[in-house]
Amino acid sequence: YVLQDFSRHLLNPKDKGSLGAKAAESGTLFFFAVWAAEKHGAKLSGGISLFRAGQALREYMLITWRSHLQLSVADRQGLIDATITFLSLRERAGIPYKPKMHFMVHMAANATRFGNPRLLGTWLDEGLNRQLANVCRSAHSAVWHRRVLATFNHDALHVKKKKRRTM
(Lines give C-alpha, C1' and ligand atoms only; values in the text may rest on other atoms or scores of the structure.)
Protein backbone atom coordinates (compact mmCIF):
# COMPACT_ATOMS: atom_id res chain seq x y z
CA TYR A 1 0.00 0.00 0.00
CA VAL A 2 1.39 3.40 -0.98
CA LEU A 3 1.33 5.98 1.81
CA GLN A 4 -0.57 9.01 0.58
CA ASP A 5 0.72 11.56 3.05
CA PHE A 6 3.97 10.62 4.78
CA SER A 7 4.70 13.47 7.16
CA ARG A 8 5.66 14.17 10.76
CA HIS A 9 1.97 14.19 11.68
CA LEU A 10 1.61 10.57 10.53
CA LEU A 11 4.43 9.46 12.80
CA ASN A 12 3.55 11.64 15.78
CA PRO A 13 -0.02 13.00 15.61
CA LYS A 14 -0.68 15.86 18.01
CA ASP A 15 2.57 15.03 19.80
CA LYS A 16 1.02 11.98 21.48
CA GLY A 17 3.99 9.74 20.70
CA SER A 18 1.86 7.28 18.74
CA LEU A 19 1.38 6.37 15.12
CA GLY A 20 -1.30 8.27 13.22
CA ALA A 21 -1.65 5.81 10.35
CA LYS A 22 -4.94 4.12 9.62
CA ALA A 23 -5.83 0.72 8.17
CA ALA A 24 -3.69 -0.20 5.16
CA GLU A 25 -1.14 2.53 5.93
CA SER A 26 -0.40 0.75 9.19
CA GLY A 27 0.34 -2.49 7.37
CA THR A 28 2.97 -0.83 5.19
CA LEU A 29 4.64 0.79 8.17
CA PHE A 30 4.31 -2.40 10.21
CA PHE A 31 6.50 -4.46 7.87
CA PHE A 32 9.13 -1.73 7.99
CA ALA A 33 8.95 -1.70 11.81
CA VAL A 34 9.46 -5.49 12.00
CA TRP A 35 12.46 -5.18 9.70
CA ALA A 36 13.90 -2.35 11.85
CA ALA A 37 13.30 -4.33 15.07
CA GLU A 38 15.13 -7.31 13.58
CA LYS A 39 18.04 -5.16 12.48
CA HIS A 40 18.33 -2.98 15.60
CA GLY A 41 16.45 -4.94 18.28
CA ALA A 42 19.57 -5.95 20.19
CA LYS A 43 20.30 -2.25 20.83
CA LEU A 44 16.83 -1.50 22.25
CA SER A 45 15.47 -2.26 25.69
CA GLY A 46 13.01 -5.09 25.02
CA GLY A 47 14.06 -5.09 21.38
CA ILE A 48 14.28 -8.86 20.99
CA SER A 49 10.77 -9.23 22.44
CA LEU A 50 9.62 -6.43 20.15
CA PHE A 51 10.99 -8.27 17.12
CA ARG A 52 9.42 -11.57 18.17
CA ALA A 53 6.06 -9.88 18.84
CA GLY A 54 6.35 -8.32 15.38
CA GLN A 55 7.10 -11.72 13.87
CA ALA A 56 3.94 -13.11 15.47
CA LEU A 57 1.81 -10.27 14.07
CA ARG A 58 3.47 -10.68 10.68
CA GLU A 59 2.58 -14.38 10.70
CA TYR A 60 -1.02 -13.50 11.64
CA MET A 61 -1.22 -11.06 8.72
CA LEU A 62 0.37 -13.46 6.23
CA ILE A 63 -2.08 -16.22 7.18
CA THR A 64 -5.04 -13.92 6.65
CA TRP A 65 -3.67 -12.68 3.31
CA ARG A 66 -3.04 -16.12 1.82
CA SER A 67 -6.32 -17.64 3.03
CA HIS A 68 -9.77 -17.51 1.54
CA LEU A 69 -12.98 -16.96 3.50
CA GLN A 70 -12.80 -20.38 5.17
CA LEU A 71 -9.46 -21.03 6.84
CA SER A 72 -7.93 -24.48 7.09
CA VAL A 73 -7.45 -26.09 10.49
CA ALA A 74 -3.70 -25.37 10.28
CA ASP A 75 -4.32 -21.71 9.45
CA ARG A 76 -6.82 -21.29 12.29
CA GLN A 77 -4.29 -22.83 14.68
CA GLY A 78 -1.64 -20.49 13.23
CA LEU A 79 -3.84 -17.46 13.99
CA ILE A 80 -4.30 -18.60 17.59
CA ASP A 81 -0.58 -19.33 18.01
CA ALA A 82 0.42 -15.95 16.56
CA THR A 83 -2.10 -14.13 18.76
CA ILE A 84 -0.97 -15.85 21.95
CA THR A 85 2.70 -15.29 21.09
CA PHE A 86 2.12 -11.59 20.45
CA LEU A 87 0.09 -11.07 23.62
CA SER A 88 2.61 -12.92 25.79
CA LEU A 89 5.51 -10.81 24.43
CA ARG A 90 3.86 -7.39 24.16
CA GLU A 91 4.51 -6.27 27.75
CA ARG A 92 8.24 -7.13 27.61
CA ALA A 93 8.35 -5.41 24.22
CA GLY A 94 6.97 -2.20 25.72
CA ILE A 95 3.69 -2.39 23.79
CA PRO A 96 0.83 -1.01 25.91
CA TYR A 97 -2.33 -3.09 26.22
CA LYS A 98 -5.33 -1.91 24.20
CA PRO A 99 -8.86 -3.35 24.24
CA LYS A 100 -8.49 -4.18 20.54
CA MET A 101 -5.99 -6.84 21.56
CA HIS A 102 -8.75 -8.66 23.45
CA PHE A 103 -10.91 -8.44 20.33
CA MET A 104 -8.04 -9.95 18.32
CA VAL A 105 -8.24 -13.10 20.46
CA HIS A 106 -11.97 -13.42 19.71
CA MET A 107 -11.40 -12.91 15.98
CA ALA A 108 -8.81 -15.70 15.88
CA ALA A 109 -10.88 -18.01 18.09
CA ASN A 110 -14.06 -17.43 16.04
CA ALA A 111 -12.45 -17.85 12.61
CA THR A 112 -14.26 -21.18 12.24
CA ARG A 113 -17.61 -19.47 12.65
CA PHE A 114 -17.04 -16.10 10.95
CA GLY A 115 -14.23 -16.85 8.51
CA ASN A 116 -11.05 -15.00 7.67
CA PRO A 117 -10.59 -11.93 9.93
CA ARG A 118 -9.07 -9.97 7.03
CA LEU A 119 -12.38 -10.13 5.19
CA LEU A 120 -14.30 -8.74 8.18
CA GLY A 121 -12.52 -5.38 8.27
CA THR A 122 -13.66 -1.97 7.08
CA TRP A 123 -10.44 -0.98 5.33
CA LEU A 124 -12.10 0.94 2.51
CA ASP A 125 -14.23 3.02 4.88
CA GLU A 126 -11.43 3.99 7.28
CA GLY A 127 -11.26 7.56 5.95
CA LEU A 128 -15.01 7.95 6.43
CA ASN A 129 -14.69 6.51 9.94
CA ARG A 130 -12.17 9.22 10.81
CA GLN A 131 -14.49 11.94 9.45
CA LEU A 132 -17.44 10.47 11.33
CA ALA A 133 -15.48 10.40 14.60
CA ASN A 134 -14.53 14.07 14.16
CA VAL A 135 -18.13 15.10 13.46
CA CYS A 136 -19.44 13.14 16.46
CA ARG A 137 -16.80 14.62 18.77
CA SER A 138 -17.68 18.17 17.83
CA ALA A 139 -21.49 17.80 17.83
CA HIS A 140 -23.65 18.51 20.86
CA SER A 141 -25.13 15.30 22.30
CA ALA A 142 -28.71 16.55 21.92
CA VAL A 143 -28.40 16.98 18.16
CA TRP A 144 -25.45 14.82 17.13
CA HIS A 145 -27.63 12.62 14.91
CA ARG A 146 -28.78 15.69 12.94
CA ARG A 147 -25.19 16.87 12.62
CA VAL A 148 -24.06 13.49 11.32
CA LEU A 149 -26.89 13.27 8.81
CA ALA A 150 -26.30 16.85 7.65
CA THR A 151 -22.59 16.22 7.22
CA PHE A 152 -22.94 12.91 5.43
CA ASN A 153 -25.85 13.70 3.12
CA HIS A 154 -25.82 12.53 -0.50
CA ASP A 155 -24.34 15.78 -1.79
CA ALA A 156 -21.42 15.57 0.63
CA LEU A 157 -20.67 12.05 -0.60
CA HIS A 158 -20.87 13.21 -4.22
CA VAL A 159 -23.74 10.86 -4.99
CA LYS A 160 -26.03 12.26 -7.62
CA LYS A 161 -29.64 11.24 -7.69
CA LYS A 162 -30.83 9.82 -10.95
CA LYS A 163 -33.39 12.02 -12.63
CA ARG A 164 -36.70 10.44 -13.35
CA ARG A 165 -37.61 10.29 -16.96
CA THR A 166 -40.94 11.71 -17.79
CA MET A 167 -42.78 10.75 -20.89
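The structure is a predicted model, in which local features need pLDDT of at least 70 and side-chain atom pairs count only at pLDDT 80 or more, while totals for chains, interfaces and linings use all residues. Residues are numbered from 1 along each chain as its sequence is written, and side-chain values use heavy atoms, with hydrogens and water left out.

**Overall fold**

- The protein chain contains 8 helices and 0 strands, where helices (H or I, at least four residues) and strands (E, at least two) are DSSP runs numbered from the N terminus.
- Of its 167 residues, 26% count as buried; buried means under 20% relative accessible area, exposed over 50%, and partly exposed in between (1.4 Å probe, protein chains only).
- The accessible surface of the protein chain is about 12700 Å², and carbon and sulfur atoms contribute 59% of that area; the areas come from the Shrake-Rupley method with a 1.4 Å probe, and for residues only the protein chains shown count as cover.
- Among contacts in the protein chain with a separation of 6 or more, 49% involve residues 24 or more positions apart, a contact being heavy atoms within 4.5 Å.

**Helix H3**

- Helix H3 (residues 47-66) has 20 residues, which at 1.5 Å a residue should span 28 Å; its end C-alpha atoms are 28 Å apart, in agreement with that value. The expected span is 1.5 Å times one less than the number of residues.
- The buried residues of H3 include Phe 51, Tyr 60, Met 61, Ile 63 and Thr 64.

**Asp 75**

- Asp 75 lies in helix H4 (residues 73-89) and counts as buried because its relative accessibility is 14%.
- Apart from neighbours within four places in sequence, Asp 75 contacts Ile 63, Arg 66 and Ser 67.

**Aromatic cluster**

- The count of aromatic pairs is 3; rings of Phe, Tyr and Trp (its six-membered ring) pair if their centres lie within 6.5 Å, and planes under 30 degrees apart count as stacked, over 60 as edge-to-face and the rest as tilted.
- Phe 30 and Phe 31 form an edge-to-face pair, at 5.4 Å centre to centre with 75° between the planes.
- Phe 30 is buried, as its relative accessible area is 16%, whereas Phe 31 is partly exposed at 26%.
- Phe 31 also forms a tilted pair with Trp 65, at 5.5 Å centre to centre and 35° between the planes.
- This pair links distant parts of the chain, Phe 31 in helix H2 (residues 23-40) and Trp 65 in helix H3, 34 residues apart.
- Trp 65 counts as partly exposed, at 47% relative accessibility.
- Phe 30, Phe 31 and Trp 65 together make up one aromatic cluster.
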